[in-house]
Every structure is written in C-alpha cells, then in structure tokens.
Amino acid sequence: MVNENKNIREEVLKALFQAEGETVSGMQLSSRFDISRTAIWKHINQLKTNGFTIESGAKGYVLLNPDDLLLPFCFSPRFQDRIYHFQELSSTMDQAKQSAKSAPHLSVVIAEHQLNGRGRLNREWVSSAGGLWFTLMLKPQTPPFSAYIYNFAASLSLAASLRILFELPVTVKWPNDLLLEGKKLCGLLSEMATKSDMVEYLNIGIGLNVNNHPGKSEPNAISIKDVLQRPVSRKTILETFLNDFQSRIESIDCHDIIQQWKQITSTIGTQVRIETLTDTFEGLAVDVNKSGALIIKDLDGKQQEIVYGDCFHN
Ligand code: BTN
C-alpha cells in the first residue's frame, strides 16, 4: 500500500509536469488514476509537504517549477532508466554502495535531502534544500590506480557545464572541488570497490550548491543562486553535466583530461596548505602531474608530490 501510494503520487506529479504549466483539474486526475478527488487532494498535499511547489485553485492544480524537478521522467530518454531519485536518504553514497553492483554503468542516485551527508576526510556535509546532491555509479574497465582520472573528468565536466550554462567563472581546486569567487561551490567524494585487481565499481558523490544558501556554519561556501540572484534549474545542470561527462569518459584520455583541468584550476600558482589525516604540507603549488598528484615547492625550493589530502588556498 505504501509503495502503491508512492507510485500514484509520482504519476500525479508526472501528469502535472507533462501539463507544462497548464492547470490540471482534480476531476481529470481522479478519472485518470481511478481514485477519488479526495484521494488526489491528499496526494497533492503530500507532494507539497515533500517540497514540490504546486498551486491549488478552484480549477485544479499547477506545478510551478517543473524545470527544477529531478525525477527520472524529467530527463531525456537516454538517462531516464539510470536516474534513481529519492526524497530523503541518509547519504546518496550509502544508497549507491547498496545499488552499485546491480546498477548499469553511469547511473545516478539523487536525494532531495540527506540526513547524514558526508564529505572528504569523514567530515559532515550540510545538505540544505535546493542543492544538488547526487552520486554517480560508474563501472570503468580499469585498474584501481587509474580510477583517479574519473574524478578529474567529473570536476572538469561540471565546471565546463556551469561555465557554458551560466557564464560563471568557475575554477577547479585540487583535488576536485569547484570554486566560485574564491569560495566552495561544489565538493566531490569518491568510493570504490575492487575485484580481481580491477575496479568493480566507482561511486563519485557530488555536492553542488545551487538554489540553497550555505549558512553561517559554512562561511567559505557559496551557491549559484547567491551569485546570480535567481534560482536555476538543477535538472538542466545535471543533464548538461551527464552529457558532457559521458562523452568525456567514452574513450577517456588521461593526458587530455589533466591538461584541460589545468587550464581552469586556481590551485597552480597559489600558496597552499595540504592536510591529510596525519600530516600537513605547505608550499607553492607548481603543477599537477599525469597521475593527478599535486606538486608543491617549499621555501627551500624542495619539491614534493602529494597524492591525496584536503587543500587550502592561502
Ligand atoms: C567534500 O568536499 O568534502 C566532498 C563533499 C561531497 C558531498 C556529496 S553530496 C552527495 C554525496 N553524498 C554524500 O554524503 N556526500 C556526497
């Protein structure tokens, strides 16, 4: 019964979405789904509680922000079967871990709300409403030591998509954050499993501040809405990104990806501090090598290669 209600609710939402801003009457919905108008009214109320902006009037119901919906039916057919949308999850990373083995390559778990979103180095990730919180589930035919390139491809694709869609001067920060006006716009987190010396699955979690407003607890974060002063379509961002990312990884070229990534990084040429779970390194970031490691030069001119860590621009 719970699932049946959820399915009807999703179908009601789909009917409103397909009406493209026109009013759909309670009567139409009731005869289409063969349930009472009161039952339709209850489904609409539950959808509103779930955060969907639906206007109810004497003539029926209108979905007000169809462009921002992230349900599978909103995406082009090539992605519809690979989008798993949830109203609430502990973390899209947990869900992706459960689904990764059976999900097809390049599938996406999306959550409107995360109760326990997590960031790199086990930090909490605040996931306020209006952000784009998702995990890509990938099955690259590659040994584990080459998997890093998919993170670089993802951050590059997302930055390129945002530059094209909104003409925003988004930069990438090593290893895979996106910055805007020097503040954090997006973070990436990856988890993988191996089997017989090959990657079994690689999950890349992406947290992008879109229509949310990062609060006081995140003074160094910024959202697209903060900068553009208007809400934008999360669905358009995700679809543009998926198209770009899919074509980049079809025949992945590590040299090309790193070169293009370096063209839009704000890390190289900056004094940085790198924190790992056990150490701190400081110096001038001078390069990112073909393996994705950051090369820093300390005050004595000594160069060090850092393979992982959290990077702070000084
Ligand atoms: C970081 O910069 O520390 C990485 C943040 C990654 C956040 C995203 S939001 C979607 C996915 N689910 C999570 O719990 N974390 C990632």
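I began at the ligand of this predicted model, where I found one of its nitrogen atoms 2.9 Å from an N or O atom in the side chain of Thr92. I then noted that a nitrogen atom of the ligand is 2.7 Å from a polar backbone atom of Arg118, and that a polar side-chain atom of Lys184 lies 2.5 Å from an oxygen atom of the ligand. Of the 19 residues around the ligand, I listed Ser91, Gln114, Arg118, Arg120 and Lys184 as those that come nearest.

Next I looked up the sheet, which is open, has 7 strands in the order 3-4-5-9-8-7-6, and shows mixed pairing. Strand 3 (83-89) and strand 6 (171-173) stand at its edges with a single partner strand each, so one side of each has no neighbour in the sheet. Neighbouring strands are turned by 20° against each other on average, direction ignored. Helix 5 (residues 92-99) packs on this sheet, and I recorded that it touches strand 3, strand 4 (107-114), strand 5, strand 8 (183-195) and strand 9, with its direction making about 25° with that of strand 5.

For the pairing itself I followed strand 5 (residues 132-138) and strand 9 (residues 198-208), which run antiparallel and are joined by 7 bridges; Phe134 has Ile206 in strand 9 as its bridge partner.

Last I checked helix 6 (residues 148-166), whose 19 residues should span 27 Å at 1.5 Å a residue, and its end C-alpha atoms, being 28 Å apart, agree with this. Helix 6 is mostly covered, with 16 of its 19 residues buried, and just after helix 6 I noted that Glu167 takes a positive phi of about 55°.

Note on methods: Residues are numbered from 1 along each chain as its sequence is written. This is a predicted model: local features need pLDDT of at least 70, side-chain atom pairs count only at pLDDT 80 or more; totals for chains, interfaces and linings use all residues. Side-chain values use heavy atoms; hydrogens and water are left out. Helices (H or I, at least four residues) and strands (E, at least two) are DSSP runs, numbered from the N terminus. The expected span of a helix is 1.5 Å times one less than its number of residues. Buried means under 20% relative accessible area, exposed over 50%, partly exposed in between (1.4 Å probe, protein chains only). Two strands pair if DSSP finds at least two bridges between them. Axes are lines fitted to C-alpha atoms, for helices over the stretch in contact, and angles run from 0 to 180 degrees between N-to-C directions. Contact means heavy atoms within 4.5 Å. A residue is near a molecule or strand if one of its heavy atoms lies within 4 Å of it. A polar contact is a pair of N or O atoms within 3.5 Å; within protein, one must be able to donate a hydrogen and the other to accept it, and residues adjacent in sequence count only if both atoms are side-chain atoms.
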